[in-house]
Amino acid sequence: MTRLAAIDVGTNTAQLLIADVHGGTMTPQHEASRVVRLGEGVDADRRVRPAAMARLKAALLDYRATAARFGIAPDAIYIGATSASRDAHNQAELIEYVRRETGLTYTIISGDEEAQWSFAGAVSALGDVDGSCAVIDIGGGSTELIVGDAATGALTHRHSYDMGTVRIAERFFANQPPAPDAIAAAEQFVRDLLHTTPLPVTADIPFIGAAGTARVLGALHAKEVGAASPDLTLTQAEVTAWRNRLLALPFPDVLALDPALLTGRADVFPAGLLILDTVMRHFSIPACRISPRGLKHGLAVRLMQSL
């Protein structure tokens, strides 16, 4: 058995996964998530700010200490950084800062890599999904859409779109709730991006929402309908209803839906629902299956395959 640690550093959160690998099977042992808002202001000036770096440092030092308690050395911790880090013009400064302050290696992965490993992570939790399927992973800075074979992991199409919860909220939603014209402008922005790279996402293959926005939506929906688990399927009409509801609420009311889930997300979560709803309507997708896994699990699969 091998124990490994993977950290997904996104635009809004830094997420830790500690897992055991044995005989080609990955068993999660510990998961954690912290809001670091690394991408604060990155869409505007393409720089990760000192305050955001400090928040990231605190999270990574905490995760390094957690990994040590599980017997994992710092050089066995894999960090995969995504949209905000890719977009930043001060990437070199960020990488050096993390190395100097935490002793960890900071790897910025490409949009294609993010898509590939988000897909692998999402389908790793859904043993009943076989054959072609589509995965959407809505992050803070980008959204990955991937089509591939769940059984083999082979991808046929993938694209990373420069639209995410933090990016949309900062660019369009000056107030919460946002004005109708701001909502319309955000939706048009998403539709325009989807038209730039058509993908064969169709109603006849499973459509899976991975981690982030999808996971929180699944948990909120399960809580409201009394479902036993957030691993469920939401119809397109249910996604639209949640979108309309959240976009009409002021910040305190969004947060009050579930403070444990929405602290650090309440100001950007409605933007994530707008993205999900617009994507589903664009491709005429009837339902979204929620996967409890995402990129950090895919990064662990990547590590597992390299052992």
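The following dialogue examines how selected features of this predicted model are assigned.

Mentor: The model is predicted, with local features requiring pLDDT of at least 70 and side-chain atom pairs pLDDT 80 or more, while totals for chains, interfaces and linings use all residues. Residues are numbered from 1 along each chain as its sequence is written, and side-chain values use heavy atoms, with hydrogens and water left out.

Trainee: Which strands pair with β11, and in what sense?

Mentor: Strand β9 (residues 207-210) runs parallel to strand β11 (residues 287-291), with 3 bridges between them; G209 stands opposite I290 in β11. Strand β10 (residues 233-235) pairs with β11 in the antiparallel sense, also over 3 bridges, and T235 has A287 as its bridge partner in β11.

Trainee: How do you know that C133 is in no disulfide?

Mentor: A disulfide is a pair of cysteine sulfur atoms within 2.5 Å. The search of the whole structure finds 0 disulfides. For C133, the nearest cysteine sulfur is that of C288, 12 Å away. Seen from C288, the closest cysteine sulfur is in C133, and because it is 12 Å away, it is too far for a bond.

Trainee: Why are C133 and C288 called buried?

Mentor: Buried means under 20% relative accessible area, exposed over 50%, and partly exposed in between, for a 1.4 Å probe and protein chains only. C133 has a relative accessible area of 0% and C288 has 1%, so both are buried.

Trainee: Why is S33 called partly exposed?

Mentor: S33, in strand β3, has a relative accessible area of 40%, so the residue is partly exposed. S33 and Y63 are 30 residues apart in sequence, and their C-alpha atoms are 9.6 Å apart in space.

Trainee: What makes the aromatic pair of F172 and F189 tilted?

Mentor: Rings of Phe, Tyr and Trp (its six-membered ring) pair if their centres lie within 6.5 Å; planes under 30 degrees apart count as stacked, over 60 as edge-to-face and the rest as tilted. The whole structure holds 1 aromatic pair. F172 and F189 are 5.4 Å apart centre to centre, with 50° between the planes, and the pair is tilted. This pair links distant parts of the chain, with F172 in helix α6 (residues 165-172) and F189 in helix α7 (residues 180-196), 17 residues apart. Both F172 and F189 are buried.

Trainee: How is a cavity told apart from a pocket?

Mentor: Rolling a probe the size of a water molecule over the atoms shows where empty space is left. On a 1 Å grid over the protein atoms alone, a cavity is a set of points where a 1.4 Å probe fits but cannot get out; a pocket is an open set with protein on both sides within 12 Å along at least five of seven lines, and lining residues have an atom within 4 Å of a point. Grid points are joined across faces, edges and corners, and a volume is the space filled by probe spheres set on the points.

Trainee: How many cavities of 30 Å³ or more are there, and what lines the largest cavity?

Mentor: There are 2 cavities of 30 Å³ or more. The largest cavity has a volume of about 320 Å³, and 25 residues line it, with T13, Q15, I138, G139 and G140 nearest its centre. By class, 5 are nonpolar, 15 polar and 5 charged. Here Ala, Val, Leu, Ile, Met, Phe, Trp, Tyr, Cys and Pro count as nonpolar, Asp, Glu, Lys and Arg as charged, and the others, Gly among them, as polar. The second largest cavity has a volume of about 60 Å³.

Trainee: Which helix supplies the largest share of the lining of the largest pocket?

Mentor: That share, 5 residues, comes from α5. The largest pocket holds about 300 Å³ of space. Its lining has 17 residues, with A120, V123, A150, A151 and G153 closest to the centre, and divides into 10 nonpolar, 6 polar and 1 charged.

Methods. Helix = DSSP H or I, 4+ residues; strand = E, 2+ residues; numbered from the N terminus. Pairing = 2+ DSSP bridges.
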